[in-house]
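Please read the following briefing alongside the sequence and the three-dimensional view.

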Amino acid sequence: MTSTLIAGNWKMNGLARSIGELEAMIAGRSEVPDTVDLLICPPATLVAAFALRAQNTGVSIGGQDCHAAVSGAHTGDISAEMLADCGASHVIVGHSERRADHGETDAVVRAKVEAVWRAGLVAIACVGETEAERDAGRAVEVVERQLDGSLPERATAANLVVAYEPVWAIGTGRTPTVEDVASMHAAIRLVLEKRFGDDGGAIKILYGGSVKPDNAATLLGVDHVNGALVGGASLKASDFLAIAKAG
Ligand code: PEP
């Protein structure tokens, strides 16, 4: 793997004035190794302004979700084409908060990945088990099923990133053991290689769930961890840059 991706998911946080935080990230970009790619996914209301500000800075801007259709009678939704039109390069799809709050199934997520590709963008497809599923010894089986259902054919290293985010680790300050991260990422790699051949070996697999400056180096050092999807700690430029420097 030639590069690492550190992606920030701002969720439903950020107002117009938050562009100052993006500016601090851009200012600190030069201290982050060139082999580390930076991506910030602000709320949809900020994508256009952020993308304009981040042009040619080495910080990319992405969306947090999209509708599967190009356009139409879907009040409140936005399409992947609209995100592309605003300057987004990536779209997160199938985040566990979307799966839980909006009842998104693997089939819905798969249609969204197709939509992201239709718009010419990179999909970051999220998978991850709940605590009950892990306690029942079903974590790998659950994630493999989500991958099977959520990933369309034609996935390549250029159009897809997978994010493994154990639901119980998101926003809780808890993380899996290094051994658990290693075995899950190895299992995901196997699924990707079986389905997508050589490309499956090159598709980035991010770890997400309570990544902070003090655990980033450990988590990013695990085999088949090719970057991080960062929630809370991506809201502050100093924390996000500290994580990126560990990449
Ligand atoms: C996320 O929601 O994608 C996430 C990883 O959140 P946090 O880093 O806050 O756990």
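**Strand pairing and overall fold**

Leu39 has Ser60, a residue of strand S3, as its bridge partner. This is a predicted model, in which local features need pLDDT of at least 70 and side-chain atom pairs count only at pLDDT 80 or more, while totals for chains, interfaces and linings use all residues. Residues are numbered from 1 along each chain as its sequence is written, and side-chain values use heavy atoms, with hydrogens and water left out. The secondary structure of the protein comes to 11 helices and 8 strands, where helices (H or I, at least four residues) and strands (E, at least two) are DSSP runs numbered from the N terminus.

**The barrel**

- The 8 strands close into a barrel in the order S1-S2-S3-S4-S5-S6-S7-S8, with parallel pairing; two strands are said to pair if DSSP finds at least two bridges between them.
- Neighbouring strands of this sheet are turned against each other by 25° on average, direction ignored, with axes taken as lines fitted to C-alpha atoms (for helices over the stretch in contact) and angles running from 0 to 180 degrees between N-to-C directions.
- Strand S2 (residues 36–41) pairs with S3 in the parallel sense over 3 bridges.
- S3 also pairs with strand S4 (residues 90–93), in the parallel sense and over 2 bridges, and here Gly62 has His90 of S4 as its bridge partner.
- Strand S3 (residues 59–63) is largely enclosed by the rest of the structure, because 4 of its 5 residues are buried; buried means under 20% relative accessible area, exposed over 50%, and partly exposed in between (1.4 Å probe, protein chains only).
- Strand S7 (residues 204–208) and strand S8 (residues 227–230) pair in the parallel sense over 2 bridges, and Leu229 in S8 is the bridge partner of Gly208.
- Helix H8 (residues 178–196) lies across strand S6 (160–164) and S7, running at about 150° to S7.

**Overall dimensions and packing**

- The protein has a radius of gyration of 17 Å, which agrees with the value near 18 Å that a compact globule of 247 residues would have; the radius is taken over C-alpha atoms, and the globule rule is 2.2 Å times the number of residues to the power 0.38.
- Along its principal axes, the C-alpha trace spans about 45 × 45 × 35 Å.
- Buried residues make up 50% of the 247 residues.
- Of the contacts (heavy atoms within 4.5 Å) with a separation of 6 or more, 72% are between residues 24 or more positions apart.
- The protein exposes about 10500 Å², of which carbon and sulfur atoms supply 52%; accessible areas come from the Shrake-Rupley method with a 1.4 Å probe, and for residues only the protein chains shown count as cover.

**The surroundings of Asp106**

- Asp106 belongs to helix H5 (residues 106–118) and is buried, with a relative accessible area of 18%.
- Not counting residues up to four places away in sequence, Asp106 touches Arg99, Arg145, Gln146, Gly149 and Ser150.
- The side chains of Asp106 and Arg99 make a polar contact at 2.6 Å, a term for a pair of N or O atoms within 3.5 Å where, within protein, one must be able to donate a hydrogen and the other to accept it, and where residues adjacent in sequence count only if both atoms are side-chain atoms.

**Loop residues with positive phi**

- Asn56, in the loop between helix H2 (47–54) and S3, has a positive phi of about 55° although it is not a glycine, and Asn56 is exposed with a relative accessible area of 82%.
- His224, found in the loop between helix H10 (216–220) and S8, has a phi near 65°, a positive value in a residue other than glycine, and His224 is partly exposed with a relative accessible area of 32%.
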